[in-house]
Amino acid sequence: MTSERGGDLTAAATWGLLVAWAVHDSEELVTMGGWLDRARPRLRARFPRVPERVWDGLRVSRTQARVAIGVMGAVVAAAAARGARTGGRSRFYQATLVGFGVHAGGHVAQSVVVRGYTPGVVTAPLVAAPFSLWAWRQLGAAGVPRNARAATAGAALLLPVSVLASHAVARLLTPHPTTPRTRPV
């Protein structure tokens, strides 16, 4: 950091990651649990060849959603803290920042594929992607060295591992939902 203003920018960019994540995942917290059960009739009609066991395996209860979001929150909090301690220079922080922004495209793609709302699709393009782009630029403006290639490679590894691990922990700690609800979305 080269100035007090640079320090303010990197603090907003690093701790702001946690704040932006909390805003985005609040939408997921409210909508993820039970979403598949509500959307299942529409999805069955759209994808009739998908076996019922696949739909059953993709179900996430409200409790599982809360646990998975909490686990992911711990990852994002650790990345934000590491970013703050290093003035935004941490590879872990930069990979998490890039992954947070890139994952917004996954939310939009899911909604395009299912032709409707999917959990997180509202705040992904309105919060996650713009914050990540803003923070990346702020780091550069503050003179923080950034390596887009390394951050993207790190995100390509970190994002799927973190998502899968958070859902695996949630499934280990909570019962799997057994009775699908069939009211339409």
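1. The expected span of a helix is taken here as 1.5 Å times one less than its number of residues. Helix H7, residues 148-173, has 26 residues and reaches 36 Å from its first C-alpha to its last, close to the 38 Å expected at 1.5 Å a residue. Helices are DSSP runs (H or I, at least four residues), numbered from the N terminus.

2. On the basis of the note: this is a predicted model, in which local features need pLDDT of at least 70, side-chain atom pairs count only at pLDDT 80 or more, and totals for chains, interfaces and linings use all residues. Residues are numbered from 1 along each chain as its sequence is written, and side-chain values use heavy atoms, with hydrogens and water left out.

3. Within H7, the buried residues are Ala 151, Ala 155, Ser 162, Ser 166 and Ala 170; buried means under 20% relative accessible area, with a 1.4 Å probe and protein chains only. Their cover includes helix H4 (62-85), H5 and H6.

4. H4 packs against H7 at an angle of about 135°, and their axes are 8 Å apart. Axes are lines fitted to C-alpha atoms, for helices over the stretch in contact, and angles run from 0 to 180 degrees between N-to-C directions. H4 is therefore oblique to H7; angles under 35 degrees count as roughly parallel, over 145 as roughly antiparallel, 65 to 115 as roughly perpendicular and the rest as oblique. By class, this contact of H4 with H7 has nine nonpolar, four polar and one charged residues. Ala, Val, Leu, Ile, Met, Phe, Trp, Tyr, Cys and Pro count as nonpolar, Asp, Glu, Lys and Arg as charged, and the others, Gly among them, as polar.

5. Helix H5 (residues 91-114) and helix H6 (residues 123-141) pack at about 150°, with axes 8 Å apart. H5 is therefore roughly antiparallel to H6. Residues of H5 that meet H6 include Tyr 93, Leu 97, Phe 100 and His 107; on the H6 side, Ala 124, Phe 131 and Trp 136 are among them. The residues of this contact divide into 14 nonpolar, five polar and no charged.

6. Gly 99 lies in helix H5. Is Gly 99 buried or exposed? Gly 99 is buried, at a relative accessible area of 5%. Leaving aside neighbours within four places in sequence, Gly 99 is in contact (heavy atoms within 4.5 Å) with Ala 155 and Leu 159. The C-alpha atoms of Gly 99 and Leu 158 are separated by 7.6 Å, and these residues are 59 residues apart along the chain.

Key:
Helices (H or I, at least four residues) and strands (E, at least two) are DSSP runs, numbered from the N terminus. Buried means under 20% relative accessible area, exposed over 50%, partly exposed in between (1.4 Å probe, protein chains only).
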